[in-house]
Amino acid sequence: MKSEILKMLRESEDYVSGQQICEKFGVSRTAVWKAINQLKEEGYEVEAVRNKGYRILASPDVMTKEELESQIDTVWLGKPVIYFDEIGSTNNYAKQLGENGGAHGTLVVADMQSAGKGRRGRGWDSPSGSSIYMTLLLKPEDLEPNQASMLTLVAAYAVAGGISEQTGLPAKIKWPNDIVVNGKKVCGILTEMSTEIEHINYIVCGIGINVNMTFFPEEIKDTATSLCLEYGQQVRRSTLIAAIMRQFEKGYQIFMETRNLEGLQEAYNDLLVNCGREVRILGAKEQYTGKALGINPQGELLVEREDGIVEQVASGEVSVRGIYGYV
């Protein structure tokens, strides 16, 4: 009920009376009073005026299940929300849900991870109170295992769109799964799946975003940044998550209509930071330089080599670097 009351207060332009809340949710005034006090304890500034009711004056950067539920306004994605103050890994927990009948669209969010991970088993530093660590559990119907990697690109499209919507920052994609702002990384995406021969049991899409961090270690400060540092002020994580859910739900629907990226190809390429620029391809068997031309409908990066031959580069097989730096 607390999340519903929070949403009701947010959506009202005026005071909401205790009687209105009681009638809407079928609860007592005492229950309403307790819920309001809990919101105050969590940091919300709620004004109470006799004969008028309640209204929210200020909302801090709170991360709770109720806060997220009150912000997320999608049809199905990000529902239900499962929230932890601390967890080992949101991806690992989402995989457990996938193995045990968890619902398609479930969102797992944590304020802190003790065992966060990035690509190729690397660790992902996940301190509390400053960033977003979340994973979506997806169970797409009639999607073949070799098509699943394209959802990483759908996620990147959604994150870049959500960041730009909430902050106005020029969020771009470094193919296939990093989001950069002003040439530095702010987000990484890790997609994992459980499959049988020709059937996907589930997919988990983990998203980690540097939101309000103000310090980075010496070894990564030239390639990593946060939204706060680039935007110049704190960013509310719950509203950003809600924006990403809206973008992801829209992108997912477009993707599932064709089971490829044809419908998102132009929009993705517009966000691709490397598009039209020289890149270095670092593969297991060879390394070469060329010009990135954008993605094809399968999500492969098209790279024109110096001899004019256009290569189709698949994600997971290579690393892509800028000629003069990270991008």
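The protein is divided into three parts: domain 1 covers 1-58, domain 2 covers 65-271 and domain 3 covers 277-321. Before I go on, please keep in mind that this is a predicted model. Domains 2 and 3 have C-alpha centres that lie 24 Å apart. Their contact draws 14 residues from domain 2 and 16 residues from domain 3.

Helix H1 is residues 2-11 and helix H3 is residues 29-41; they pack at an angle of about 80°, and their axes are 10 Å apart. Angles of 65 to 115 degrees count as roughly perpendicular, so H1 is roughly perpendicular to H3. On the H1 side the contact is made by Lys2, Ile5, Leu6 and Leu9, and on the H3 side by Ala35, Ile36, Gln38 and Leu39. Sorted by class, that contact has six nonpolar residues, one polar and one charged.

Next, the seven-stranded sheet. It is open, its pairing is mixed, and the order is S3-S4-S5-S9-S8-S7-S6. The edges are strand S3 (81-84) and strand S6 (171-174); each has a single partner strand, so one side of each is left without a neighbour in the sheet. From one strand to the next the twist averages 20°.

The loop between S6 and S7 holds proline 176, and the peptide bond joining tryptophan 175 to proline 176 is cis, with omega about -5°.

Proline 80 sits in the loop between helix H4 (65-71) and S3.

One more backbone point concerns aspartate 142. That residue is in the loop between S5 and H6, and aspartate 142 has a positive phi of about 60° although it is not a glycine.

Now the helices H6 and H8. What does H8 lie across? H8 lies across strand S4 (107-110), strand S5 (131-138) and strand S9 (200-210), and runs at about 30° to S5. H8 itself is residues 237-258, and it packs with H6, residues 150-167, at an angle of about 140°, with the axes 8 Å apart. Angles over 145 count as roughly antiparallel, and this pair is therefore oblique. The crossing of H6 and H8 is right-handed. H6 brings residues including Met150, Leu151, Val154, Gly161 and Gly162, and H8 brings residues including Leu240, Ile244, Arg246, Phe248 and Phe255. By class, the contact of H6 with H8 comes to 14 nonpolar, six polar and three charged residues.

Last, the other sheet. This one is open too, with five strands in the order S13-S12-S11-S10-S14 and antiparallel pairing. At its edges are strand S13 (310-313) and strand S14 (318-322), each pairing on one side only. Neighbouring strands here are turned by 45° against each other on average, direction ignored. Which strand does S14 pair with? S14 pairs with strand S10, residues 278-283, in the antiparallel sense over five bridges. To find that pairing on the screen, look for leucine 282, whose bridge partner in S14 is serine 319.

Methods. Residues numbered from 1 in each chain as written. Predicted model: local features only at pLDDT ≥ 70, side-chain atom pairs only at ≥ 80, totals over all residues. Heavy atoms only, no water. Pairing = 2+ DSSP bridges. Helix = DSSP H or I, 4+ residues; strand = E, 2+ residues; numbered from the N terminus. Axes fitted to C-alpha atoms, helices over the stretch in contact; angles between N-to-C directions. Parallel < 35°, antiparallel > 145°, perpendicular 65-115°, else oblique. Left-handed = near helix turned anticlockwise from the far one by under 90°. Contact = heavy atoms within 4.5 Å. Nonpolar A, V, L, I, M, F, W, Y, C, P; charged D, E, K, R; others polar. Domains from an automatic or database assignment.
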